Protein chains: 2
Amino acid sequence: MAIREKMFETITKVFKKHGGVTIDTPVFELKDILAGKYGEDSKLIYDLEDQGGEKCSLRYDLTVPFARYLAMNGTSTQQMKRYQIAKVYRRDQPAMTKGRMREFYQCDFDIAGSYDNMIPDAEAITVMIEALTALSVGDFKIKINHRQILDGMFAICGVPEDKIRPISSAVDKSDKLSWEEVRKEMVEEKGLDGAVADKIGEYIKLKGGQELCSSLLENAELSNNSSAKEGIESMKLLFEYLEIFGVLDKISFDLSLARGLDYYTGVIYEAVLELPEEIAPPSKSSKGSKEQDEEQTRIGSIAAGGRYDNLVGMFASGSSKKESNVKIPCVGISIGVERVFSILLKQAKMEEIKSNAVQVYVMSVRDGLLKERMAICKELWSHDIAAEFMYKAKPKLQNQFNACDRDHIPLAVIIGEQELLDNKVKIKNMGDKSSEQAGGLLYDRDQMVSTLKTMLKML
Amino acid sequence: MAIREKMFETITKVFKKHGGVTIDTPVFELKDILAGKYGEDSKLIYDLEDQGGEKCSLRYDLTVPFARYLAMNGTSTQQMKRYQIAKVYRRDQPAMTKGRMREFYQCDFDIAGSYDNMIPDAEAITVMIEALTALSVGDFKIKINHRQILDGMFAICGVPEDKIRPISSAVDKSDKLSWEEVRKEMVEEKGLDGAVADKIGEYIKLKGGQELCSSLLENAELSNNSSAKEGIESMKLLFEYLEIFGVLDKISFDLSLARGLDYYTGVIYEAVLELPEEIAPPSKSSKGSKEQDEEQTRIGSIAAGGRYDNLVGMFASGSSKKESNVKIPCVGISIGVERVFSILLKQAKMEEIKSNAVQVYVMSVRDGLLKERMAICKELWSHDIAAEFMYKAKPKLQNQFNACDRDHIPLAVIIGEQELLDNKVKIKNMGDKSSEQAGGLLYDRDQMVSTLKTMLKML
């Protein structure tokens, strides 16, 4: 939890720096709110038992509850930067090593409201990059694409309307499967014409940076398709903004990125860890087992997001007048903190983690002196110093030192009968192993608090 | 959420000052874990639908999951100060005005482990008092009693074994019902002998401070009952420790406090707001409607807790060897933050609450200057200054000022074509309404960050 709290604190700081405010949504929603939002993954939704009253389900992500919240608040919340760090629930087979659990945290930042094209999108991507950088998870890249370019591309290649979604989902696998496997899924499983698949194959090879926008615009087929053209021009604008925000070096425009969720309408992106050579997955090949590849890719993807302009409107068409006609465009990011956490956990030296915040341990030599130790703790608490003592009338000195070491408590106040008589205390810097400091140094009792405060500042 | 976050921060600070570490338990537990722990309130437990797999329920409080956690960790976690701020779930009729909801936060602090008698109990009560004081909720008292004294008292009065629990629950109502009503419930509803009830009535009148311990010990009946005697002697010790911790003025020893939950075994306590005269409930009378009285008492009680030495052992008798024979005594507190929140919300001046953390708003006069505003924001973010700009290519100046005012953003950076040419920026302290400051003061562009940092420090 110490590592987890630090992680949340780091992310929250970035979210707040960009004007985010947090809202809290309930852990369960009406069942109907979640229905039909997650494609075939809907089977992973947890339902509450029908004990009378409304039928409810545990939230599956933080995006749908946020859109429901915006729709309910109608015209009063047309613009908002919101963040939320909270748990979501999936009826999945847990796999701890992959960071996959039934209950896990998501960290979301979303910008809701009608604004000039691509400005909030650029800030959302920048927030994602700043947060991942602050977390020190290692090198990463942001793959980026646009739903309108994908739609245009599929139309140009001749994908029938009813096959766009399944073909899109096959394309999305091209980071973990070889082209032969992706093509096979398109043609054999999903019945796409082989020539159409090959044309898609040519497009999704395209990757690059800012310059890719211009070369795509020079492609006659794409620039004659209004959807693709709009998408490319948006990307051009986005790249200009991302350049100003100083994050271009992290961005990779990648026409094979297709992101699964149904509700994306504009730019889509995914942050992928760049694994060091020695632990990078083997180069794509149809020989490697599919499962193994999937596992490796899973660990690679650590954040994602995109624009979803129609989700709020889906709830807003409800019965209440207040809710009608609300259409709030949104763009957002979601950081997969469980994966980030498992990386940070591996980096951490467990023995060095201090899980509690105690600064001073109050102990006695001989005689117990319970009430005197309690009185000193009381004084320290009242000066906002975190302090503990052993809950024993007559504790052994060694046990008290052990407790102090175990919890990495930096300072000790030590009292004995003699110190009490002389109106003194001993203070020991636990990190100082020099012999003259062994039993602590002597201070006047009324200098105790100020001495401790000075020493704490210098730690 | 701004008020709520501040509240949690205040409470967390106190918990950490006393060495608390936080743990996270899942929002749902196996159904069997919760069964039989909450008496007749068990009907309020939310169950998950049986979709295959384990039968689960949403947690009803944080105490039972903590005890389950301790039992599962077996001998590796014999001592622990844990805090947890998390939501719990009850299938109740919501009543927002009373702070009663189906999903709500609890803030718990518990001390687990075998220690010398009453030392951790004294610290737990002190933590509760420090937290409530830090929250500035108003004057409060801690009513305190001991399960062993109650058990002894019921035995002395002649309450049959099988009636102790229902009679105890009737006694617990004596803060909201008149004695006549409590007596009626005991005798008419619960079939207690009238003379026995009257004897109980004499005992539960007893209230006081530290001195009550001595006078109870002088009572021959009580001091001849081993359970009562042990309880009173523990209370005597507790009072000595509470005196050292400087909190005696908050404590009221009250033999009528009986706390509902089944799992308490030792000291029990409840923090009650002392309402100012004008909004205090009318003095007890059988005329006032019962519901009205209950509502008022509900608002009064803001925290509670007690010692539960046998709860961990109930889970520890499970199948796994690791878990067997684990018996960890615990004492804890739970702060009813929804009630505290509704009090703080009433005190707050809503128009003065700043919900986001933005420090600087970057705006332009005429010409839009979108990319220049973005570049300035980027510079501020990289210096850890929270900044925003309007997501519009050509925003009106007045709209930018309005946004700045609405979000209580203290500083504005204002640029125009002339400032850009001169390599200058204007900085405006939004709180300074003097006319010479109206359009902001001019600074060199390369002094912008340091000037803003200085101004932010002085706010």
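This is a predicted model: local features need pLDDT of at least 70, side-chain atom pairs count only at pLDDT 80 or more; totals for chains, interfaces and linings use all residues.
B:Ser252 has a relative accessibility of 18%, and it counts as buried because buried means under 20%. Next, show what surrounds the residue: apart from its neighbours within four places in sequence, B:Ser252 is in contact with B:Lys141, B:Ile142, B:Lys143, B:Ile144 and B:Gly208.

Now display both chains and turn to the place where chain B and chain A meet, a contact to which chain A gives 66 residues and chain B gives 66 residues. Between the two chains an area of about 5900 Å² is buried, and carbon and sulfur atoms account for 57% of this area. On the chain B side, select B:Lys17, B:Trp381 and B:Tyr391, the residues that lose the most area to chain A, together making up 15% of what that side buries.

For a closer look at one pair, select A:Asp24 and B:Lys87, whose side chains form a salt bridge with an N to O distance of 3.0 Å. In total, 12 salt bridges are counted between chain B and chain A, and 41 residue pairs are found in polar contact across this interface.

Finally, colour chain B by its helices and strands: among the elements that each supply at least two residues to the side touching chain A are helix 1 (2-17), strand 4 (80-89) and helix 15 (370-382). Helix 15 of chain B gives the largest share of that side, six residues. Sorted by kind, the residues of this side of chain B are 32 nonpolar, 11 polar and 23 charged.

Key
Residues are numbered from 1 along each chain as its sequence is written. Chains are lettered from A and ligands numbered from 1 in the order in which they are written. Side-chain values use heavy atoms; hydrogens and water are left out. Contact means heavy atoms within 4.5 Å. Buried area is the accessible area (1.4 Å probe) that two parts lose on being put together, summed over both. A salt bridge is a side-chain nitrogen of Lys or Arg within 4 Å of a carboxyl oxygen of Asp or Glu. A polar contact is a pair of N or O atoms within 3.5 Å; within protein, one must be able to donate a hydrogen and the other to accept it, and residues adjacent in sequence count only if both atoms are side-chain atoms. Helices (H or I, at least four residues) and strands (E, at least two) are DSSP runs, numbered from the N terminus. Ala, Val, Leu, Ile, Met, Phe, Trp, Tyr, Cys and Pro count as nonpolar, Asp, Glu, Lys and Arg as charged, and the others, Gly among them, as polar. Buried means under 20% relative accessible area, exposed over 50%, partly exposed in between (1.4 Å probe, protein chains only).
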